[in-house]
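Here are my notes on the model, point by point. Please read them with the coordinates open.

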Amino acid sequence: MSVATLVLRAPSANRVYAQAAGALARAEAHWVLGAHRGTPPQLTQRMIGGMPALEIPGAADPATAHLLGTLSGAHGLFEIVEEDAAVPDRPLLRPLPTTAPLRHPSDLETILKYPGKTNEQFTALLVNLGAALSAHRDRLAAGTLELLDPLCGRGTTLNRALRLGLSPVGADIDRKDVEAYRAFLTTWLREHRYKHSVNSTALRVHGEQLGVRVDAELAEDKAAHRAGRTQQLRLLACDTTRLSKVLPSRSIDALVADLPYGVQHGARSRDAWQRSPLEVLRAAAPTWRSLLRDGAGLALAYNRRTLEHAAATDALAAADLRIISPDGAFRHRVDASIDRDVLLAIPTTHPQAEQLAALGASAKETP
Ligand SMILES: C[S@@+](CC[C@H](N)C(=O)[O-])C[C@H]1O[C@@H](n2cnc3c(N)ncnc32)[C@H](O)[C@@H]1O
């Protein structure tokens, strides 16, 4: 008889986050499972035959198994069939099939390398969190979740979203980044023989030149294209604070971004580059809020050395956005200058606000 479900952690997670990998996997599962189920899950880290794993009590129903399989650090999924008290790290296991929700080859996320790139596994964690907080979280599996990265750099979030089958929107003020991503995507689509189109045009609103826009459409092959299995990507080279002039209001389900760390990237606000992203957060929050549906979710990574949780809370609160994750909820060291964490937020009008905020409170209590 099955007593619990195990998620075996990918070895890559240990390389990316060193000691924090277990705590991060647990924190991600807490929010993703908790948001889907409406109650905080019971999660335990344990070693199985020398390999790190996360244990969830009870047999996994298909929906839970699917969610566990999509966690950013998941490597494999097992049912614990029988425990033996004499060998506590060697229970009898039965493998569970993990449904593969990802489309497109993995090199879409990994080929492009550059200083300041957000690592792919951490990006997957951010996307999972932003989507889970959305009241429309089921749209992720359906491929219809509207996702925006308003500080998208060279598109790590957008590539993840494409692999999830979404049609994402990205924006960055740095035209070189947008151009580099456009060039990469075009080459990648050509080399992988996708049916595609990529068009760059001036981004002009009411005669005002805001920047450049890139519109891409892709399908795995001609048959997919004929059957309408296409994905769209909108990429905007413009200031994030101008996005409400370009994108429809109340259209976004999940906003996912890696705020400038003040190391490779600064934050551009009021025509000046700043080390801290606080000014850009203050200036952009009302615009971002206007683009979000009431039931949207936000997952924002930041460097604790250049932004304080309390200051971010105030900046978002001024735009009717409520941070629900405790200070340090996803804290981990990236390098000597980056002490990274994640802010999880929702509009104050989110229909599940209290239930999601309770997940934040229970995250604080669990060690
Ligand atoms: C940490 S980086 C994002 C990296 C990205 N996730 C990637 O993997 O390429 C932050 C980005 O914010 C952009 N940025 C800073 N201020 C901005 C503004 N006012 N409007 C739009 N983008 C801005 C920077 O150009 C930089 O690309």
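1. Start with Asp-149. A polar atom of its side chain lies 3.5 Å from the backbone nitrogen of Cys-152. The backbone nitrogen of Leu-151 is 2.9 Å from a polar atom of the Asp-149 side chain. Both pairs rest on the polar-contact rule: N or O atoms within 3.5 Å, and within protein one must be able to donate a hydrogen and the other to accept it, while residues adjacent in sequence count only if both atoms are side-chain atoms.

2. Basis of the numbers. This is a predicted model, in which local features need pLDDT of at least 70 and side-chain atom pairs count only at pLDDT 80 or more, while totals for chains, interfaces and linings use all residues. Residues are numbered from 1 along each chain as its sequence is written, and side-chain values use heavy atoms, with hydrogens and water left out.

3. Where does Asp-149 sit, and which side chain of opposite charge is nearest? Asp-149 is in strand β6, residues 147-149 (strands are DSSP runs of E, at least two residues; helices are H or I, at least four; both are numbered from the N terminus). Asp-149 is buried (under 20% relative accessible area, 1.4 Å probe, protein chains only). Asp-149 has no salt bridge (a side-chain nitrogen of Lys or Arg within 4 Å of a carboxyl oxygen of Asp or Glu). The nearest side chain of opposite charge is Arg-340, 12 Å away (Lys and Arg count as positive, Asp and Glu as negative; His and the chain ends are not counted).

4. The ligand shell. There are 24 residues around the ligand (a heavy atom within 4 Å of it). Tyr-114, Thr-118, Thr-156, Asp-172 and Arg-268 come nearest. By class, the shell has 9 nonpolar, 7 polar and 8 charged residues (Ala, Val, Leu, Ile, Met, Phe, Trp, Tyr, Cys and Pro are nonpolar; Asp, Glu, Lys and Arg charged; the others, Gly among them, polar).

5. A side-chain N or O atom of Thr-156 is 2.5 Å from a ligand oxygen. A polar backbone atom of Arg-154 is 2.9 Å from an oxygen of the ligand. A ligand nitrogen lies 3.1 Å from a backbone N or O atom of Ile-173. The protein covers 99% of the 600 Å² of accessible area that the ligand has on its own (Shrake-Rupley method, 1.4 Å probe).

6. Check the backbone at His-104. This non-glycine residue has a positive phi of about 70 degrees. His-104 is in the loop between β5 (92-96) and α4 (107-110). His-104 counts as buried because its relative accessibility is 9%.

Terms used:
Buried means under 20% relative accessible area, exposed over 50%, partly exposed in between (1.4 Å probe, protein chains only).
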